Amino acid sequence: MPTASRAKHKFCRRIGQCLWGDPKCPSVKRPYAAGPHGKGRRAKLSTYGELLMEKQKLRNYYAISEKQLRIAFTKAKSGEGQTHEKLFRSLEQRLDAMVYRAGFAPTIFAAKQLVNHGHVLVDGKRVDRSSCLVKEGQVISINAEKSPKLAEVAKKNNTTAPAYMEVDLDNLKATLVRAPQVEEIPVAVKIMSVIEYYAR
């Protein structure tokens, strides 16, 4: 595993499991924290520590900054509806997350690069903002003509798309058919703990 990729999995080592289910993650062979004392018994977290850990897991999974997550929480807290549902959906419906979920990129980090470098289209128009919110019915696709090599890589992925998306790997198109339900989002995070963290 390249050094850059290994660095992104440091958090996985700390929690003893890979956030993204990557079989090549260092945490698979070494499910303990790095360092000379890593193999020792994990210290029991305080209530605050547990809340912080869940918040960090959510932030690391979507590869966003603390500021971005806090802004997302503030937006989710306003208006009607359950805050935890709105927060989770707003993160899952980010363009980079949708590209990753569709299987067009092997990692969330690669998905961000695809978007930021202008290789992704939304309803046929180029969008280069990873934070762009994909709405129900919108179609995301890879610009295969300008990115033939990327298109070939995407077609080799064997990702199973979630029920709220329809994916056509042959044509590198994916549609968000409906808003995801919280229990359908494949992220091992206790979202209510994240809400409790920010509501302190």
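Here is a walk through this structure, from the whole chain down to single residues.

What you're looking at is a predicted model, in which local features need a pLDDT of at least 70, side-chain atom pairs count only at pLDDT 80 or more, and totals for chains, interfaces and linings use all residues. Residues are numbered from 1 along each chain as its sequence is written, and side-chain values use heavy atoms, with hydrogens and water left out.

Let's begin with confidence. pLDDT is the predictor's confidence in each residue, on a scale from 0 to 100. The protein chain averages 85, and 84% of the residues score at least 70. Over residues 1-6, though, the pLDDT is below 50, and this stretch has 7 contacts in the model beyond near neighbours in sequence. A contact means heavy atoms within 4.5 Å.

Now the overall picture. The chain's secondary structure comes to 10 helices and 5 strands; these are DSSP runs numbered from the N terminus, with helices (H or I) of at least four residues and strands (E) of at least two. Of the 200 residues in the chain, 44% are buried. Buried means under 20% relative accessible area, exposed means over 50%, and partly exposed is in between (1.4 Å probe, protein chains only).

Next, head for the inside. A nonpolar core is a set of buried Ala, Val, Leu, Ile, Met, Phe, Trp, Tyr and Cys residues joined through side-chain atoms within 4.5 Å. The largest one here has 54 residues, and Val 99 and Ile 140 are among the members that touch the most others. Helix α7 (residues 95-102) gives the most to this core, with 6 residues. Leaving aside neighbours within four places in sequence, Val 99 is in contact with residues including Ala 111, Leu 114, Val 115 and Ile 140. Three of those names turn up again in helix α8 (residues 108-116), where the buried residues include Ala 111, Leu 114 and Val 115. Just after α8, Gly 118 takes a positive phi of about 80°.

Then there are the aromatic rings. Rings of Phe, Tyr and Trp (its six-membered ring) pair if their centres lie within 6.5 Å; planes under 30 degrees apart count as stacked, over 60 as edge-to-face and the rest as tilted. The structure holds 4 such pairs. Phe 73 and Tyr 198 have ring centres 5.1 Å apart and planes at 25°, so they're stacked. This pair links distant parts of the chain, as Phe 73 is in helix α5 (residues 66-77) and Tyr 198 is in helix α10 (residues 191-198), 125 residues apart. Tyr 197 and Tyr 198 have centres 5.2 Å apart but planes at 85°, so that pair is edge-to-face. Ring pairs link Tyr 48, Phe 73, Tyr 197 and Tyr 198 into a cluster. The charged end of Arg 200 sits over the ring of Tyr 197, 4.3 Å from its centre; for this, NZ of Lys or CZ of Arg must be within 6 Å of the ring centre and within 35 degrees of the ring normal.

Finally, visit two loops. Ala 63, between α4 (47-61) and α5, has a positive phi near 55° although it isn't glycine. Ala 63 is partly exposed, at 24% relative accessible area. Leu 172, in the loop between β4 (165-168) and β5 (173-176), also has a positive phi near 55°, but Leu 172 is buried, at 1%.
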